[in-house]
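Dear colleague,

Please find the structure below, with notes on what turned up in it.

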Amino acid sequence: MQLADSGPARRRSAPVWMRNLAGGDRDRMADLTGAIRTVHDSVIVPEWTEAEARVEGDRARRARTVRDAGVHGLLGSLGPLVRWQPPVLHVDYPVDRDLSLGGRGLRLIPSYFCRRTPIALADPELRPVLVYPIDHSTVRPSTDPSGTKPQALSALLGRTRARTLAALHDTATTGELARRLRISPASASQHVHVLAAANLVYSQRVGNQVLHTLTPLGAALLSGTRMPSESSPGSFGLR
């Protein structure tokens with residue numbers, strides 16, 4: 001894997017507060033903890049449902065790519081910030097750096113909040129990690145402008161939409177879903193739209209197809225289990 005240089009790195013001395021933090025100053029640690037909690041509550045929490053759905057959708061998309069096109073197809077699908085030119089994976093990166101996998105494999109982690117450039121984490125004792133931005137250009141199916149989410153949830157009580165939810169235990173395109181349910185693609189699309197409005201399904205366009213995935217809420221509803229309070233990030237391991 002090669003991390004391409006996007007400009008010279010500048011070295012600056014750390015500010016006093018950062019040096020104090022590194023030295024274990026309790027007051028600075030308390031300030032940092034409070035700042036992290038404030039950011040989490042004001043930035044992460046409001047976006048978490050959307051973030052989790054989009055990351056799960058990306059993982060489902062990559063899994064299908066591995067199934068249909070293998071590892072070469074998976075690595076080739078990570079552009080434009082990542083370019084696969086066998087045997088080298090070129091990554092746009094702030095500093096010039098070469099990273100040899102040395103048989104350790106590579107863990108790929110999709111990220112909702114990482115937007116500008118992928119992040120590589122290297123430890124000589126661990127498998128290298130590449131955190132890459134998910135595709136934010138895909139627009140989620142819109143809900144009713146009046147914000148009628150309760151009505152969308154009540155619509156799920158119908159038999160056909162329950163079957164639709166169950167049929168999406170495995171990710172499917174609109175056509176595949178229609179064949180599973182033995183209904184028309186138009187009907188399948190309509191049912192998925194209602195499920196998406198209730199945040200039970202996440203849809204993303206891949207080429208000329210639309211791929212549908214259960215959100216964590218949809219999976220929990222289908223299985224009858226509670227959603228975990230803390231979710232670990234999904235990843236792909238390549239060897």
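**The cavity**

The largest cavity holds about 30 Å³ of space, where a cavity is a set of points, on a 1 Å grid over the protein atoms alone, at which a 1.4 Å probe fits but cannot get out, and the volume is the space filled by probe spheres set on points joined across faces, edges and corners. The structure has 1 cavity of 30 Å³ or more. Its model is predicted, so that local features need pLDDT of at least 70 and side-chain atom pairs count only at pLDDT 80 or more, while totals for chains, interfaces and linings use all residues. Residues are numbered from 1 along each chain as its sequence is written, and side-chain values use heavy atoms, with hydrogens and water left out.

The lining residues (those with an atom within 4 Å of a point) are R54, D58, I134, D135, Y202 and Q204. Two or more of them come from each of helix 2 (26-76) and strand 9 (201-206), helices being DSSP runs of H or I with at least four residues and strands runs of E with at least two, numbered from the N terminus. By class, the lining has 2 nonpolar, 1 polar and 3 charged residues; Ala, Val, Leu, Ile, Met, Phe, Trp, Tyr, Cys and Pro count as nonpolar, Asp, Glu, Lys and Arg as charged, and the others, Gly among them, as polar.

**Two packed helices**

Helix 4 (residues 159-167) packs against helix 6 (residues 185-197) at an angle of about 80°, their axes lying 10 Å apart. This makes the two helices roughly perpendicular, a term for angles of 65 to 115 degrees. The axes are lines fitted to C-alpha atoms over the stretch in contact, and angles run from 0 to 180 degrees between N-to-C directions. In the contact (heavy atoms within 4.5 Å), T160, R161, T164 and L165 of helix 4 meet Q190, H191, V192, V194 and L195 of helix 6.

**Backbone details**

Most residues other than glycine have a negative phi, and most peptide bonds are trans. A cis peptide bond, however, joins G79 and P80, with omega about 5°, and another cis bond runs from P86 to P87, with omega near 5°. R182, in the loop between helix 5 (174-181) and helix 6, has a positive phi near 60° and counts as exposed (over 50% relative accessible area, 1.4 Å probe, protein chains only) at 77% relative accessibility. N199 has a positive phi of about 65°, yet counts as buried (under 20%) at 9% relative accessibility.

Best wishes

How values were computed:
Angles under 35 degrees count as roughly parallel, over 145 as roughly antiparallel, 65 to 115 as roughly perpendicular and the rest as oblique. On a 1 Å grid over the protein atoms alone, a cavity is a set of points where a 1.4 Å probe fits but cannot get out, and a pocket is an open set with protein on both sides within 12 Å along at least five of seven lines; lining residues have an atom within 4 Å of a point.
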